[in-house]
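Hello,

Here is the structure I promised to pass on to you. Please open it alongside this email while you read.

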Amino acid sequence: MASTLAYADAPGGIVISPSRRVAVTSALLASACVLGLVEAALPGLPVVPWLRLGLANIAVVVALAALGMRAATIVSLGRVGIVGLATGTLLGPASLMAGAGALASLAVMGALSRYATGTSPVGWSAAGSAAHVIAQFTIAAGLLGSGVVLSLAPLSVLLALILGALVGHLALVAVSRLRMG
């Protein structure tokens, strides 16, 4: 009983067993990896080839909404490591940018979910997506030793807000259909 109650930190006070929490977190991590690999294989968008839809973030937002920050961190950082390993980019510049973006996104989404009452996964995802893009551009500018790349940031942040809201809406639909009991 005590161990079950120790895992009752999910938003909304949902109490689930530790084994169910591990199973759901693992399924979300696997989903995030598959979505990340599919997205990595897709060609870039025509006008903004550096921008990705962020489909893997659906699993991160679902984990945050249904299980809390710990599970969201496992899903997000686990995805960065596994997808980086699978695509051969682990410990390279792309992985560094992905990791920085994931950490920034997690920090913003976690803060909003915890302290900004009245926000939803749609808002968390939009803000997290913008934070992700800003962190990636910051790392890219540092790696290139030039701030020229930052001139692309405003358009990218605007698109990230729109795409992040879309991803958040998809996550909200998934959360509404997730039975945790």
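Below is what was found in it.

This is a predicted model, where local features need pLDDT of at least 70 and side-chain atom pairs count only at pLDDT 80 or more, while totals for chains, interfaces and linings use all residues. Residues are numbered from 1 along each chain as its sequence is written, and side-chain values use heavy atoms, leaving out hydrogens and water.

Confidence comes as pLDDT (the predictor's confidence in each residue, from 0 to 100). The protein averages 88, and 91% of the residues score at least 70. Over residues 1–8, pLDDT stays under 50.

Now to helix H2, residues 18–41. Helices here are DSSP runs (H or I, at least four residues), numbered from the N terminus. The expected span is 1.5 Å times one less than the number of residues, so the 24 residues of H2 should span 34 Å, which agrees with the 35 Å between its end C-alpha atoms.

Among the buried residues of H2 are Leu28, Leu29 and Thr25; buried means under 20% relative accessible area, exposed over 50%, and partly exposed in between (1.4 Å probe, protein chains only). The cover over the buried residues of H2 includes helix H3 (57–66) and helix H4 (69–87). Thr25 has a relative accessible area of 8%, so it counts as buried. Beyond its neighbours within four places in sequence, Thr25 is in contact (heavy atoms within 4.5 Å) with Leu67, Ala71, Ile74 and Val75.

Finally, look at Leu158 in helix H7 (residues 153–176). Leu158 is partly exposed, with a relative accessible area of 49%.

Happy exploring!

Definitions and conventions. Helices (H or I, at least four residues) and strands (E, at least two) are DSSP runs, numbered from the N terminus.
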